[in-house]
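Here is a quick tour of one protein model, starting with its charged pairs and then stepping back to the overall build. Have a look at the structure first.

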Amino acid sequence: MTRQVALVTGAGRGIGRATALALASSGFDIGLNDLQPDEHLETLSAEIDDLGQRTHICAFDVGDTTQHDPSLAEIEGVLGPLTTLVNNAGIGVVSRGDPLDVQENSFDRCMAVNAKGPFFLTQAFARRLLSRSRNPNVVYSVINITSSNASAVAVPRTEYCASKAAASMISKCFATRLGPENVMVYDVQPGLIETPMTETVIDSYQARAEDGLCLLPRVGQPSEVAAVVANLAGGCLPYTTGHVISVDGGMLVPRF
Ligand code: NAP
């Protein structure tokens, strides 16, 4: 029997942490990535051990492409061949403001972590996957956590929006390349989710959701995004690839 093994980037907190737990609850062993091998990952690893699944902590910066293949090799050396990649790690802008004031370093950071990192990590994952025989009964997938901002403009965070639009197109490109290989690629677009990333703005997001911005009058929870990812990785949306899956309480449903 082929074990399902997933790498979740940015697993230390927020959506990544919830996703690692949801996948482990579905029977996946998990490579746990974050910037630092700190107590957040240790605690998460212990929680996953309690669920009866194996973990390996592999800290690296997803924006550093030299780390990608050695890190995948390290994880596979401990847990066995990876079947699933969740490109979740992401960062916001250095400071919210007028696009006319955006500095190059904030643009470059967003692009490196939110777009270039997922592109080359997917490439490294896919090269390894395609170099070996695969079990036709196993779902192999890449799940990119992009954002509603891949299509919806947030003026004070334009460089973030641009990086997420790039990541969304990257999802479609890899879905096209990997479809003939029966490897699924999904673009999961969260809306307003309550995580450490959004803690300074979550009250205003909640008010706007209640005010009609979202069809469901509330912000979302990391566990709700995680449940969608675990279902995708487990093959609950068969014959589906390359598409956007919105987890946004209906925020982007067109209305007039
Ligand atoms: P978060 O609370 O800020 O958590 C992100 C995690 O990624 C942190 O553990 C962070 O580590 C890690 N990370 C950051 N840069 C990294 C890098 N270069 N390499 C490896 N790990 C890195 O964010 P979140 O809200 O859970 O967001 C997760 C993903 O969902 C992101 O891609 C985000 O853009 C996307 N998203 C979030 C929302 C939302 O409303 N929350 C909406 C749409 C899309 P440190 O703690 O060390 O910084």
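Glu224 and Arg218 form a salt bridge, with their closest N and O atoms 2.7 Å apart; the term covers a side-chain nitrogen of Lys or Arg within 4 Å of a carboxyl oxygen of Asp or Glu. Both ends are partly exposed: Glu224 has a relative accessible area of 31%, and Arg218 comes in at 38%. Here buried means under 20% relative accessible area, exposed means over 50%, and partly exposed is in between, using a 1.4 Å probe and protein chains only.

This is a predicted model, where local features need pLDDT of at least 70 and side-chain atom pairs count only at pLDDT 80 or more, while totals for chains, interfaces and linings use all residues. Residues are numbered from 1 along each chain as its sequence is written, and side-chain values use heavy atoms, leaving out hydrogens and water.

## Pairs that reach along the chain

Next up is Arg17, which pairs with Glu47 at 2.6 Å between the closest N and O atoms. That bridge links distant parts of the chain, from helix α1 (residues 14-25) to helix α2 (residues 39-50), 30 residues apart. Helices (H or I, at least four residues) and strands (E, at least two) are DSSP runs, numbered from the N terminus. Arg17 is partly exposed at 22%, and so is Glu47 at 30%.

Arg134 bridges to Glu181, the closest N and O atoms being 3.3 Å apart. Arg134 sits in the loop between α4 (104-130) and β5 (140-145) and Glu181 in the loop between α5 (158-178) and β6 (183-190), so the pair ties together parts 47 residues apart in sequence. Arg134 is partly exposed at 26% relative accessibility, as is Glu181 at 27%.

There's a network too: salt bridges link Asp69, Glu76, Arg128 and Arg132. The count for the protein comes to nine salt bridges.

## The overall build

Zooming out, the protein has seven helices and seven strands. From the N terminus, the order is β-α-β-α-β-α-β-α-β-α-β-α-α-β. Its radius of gyration, taken over C-alpha atoms, is 17 Å.

The C-alpha trace spans about 50 × 40 × 35 Å along its principal axes, and buried residues make up 49% of the 256.

Definitions and conventions:
Rg over C-alpha atoms; globule rule 2.2 N^0.38 Å.
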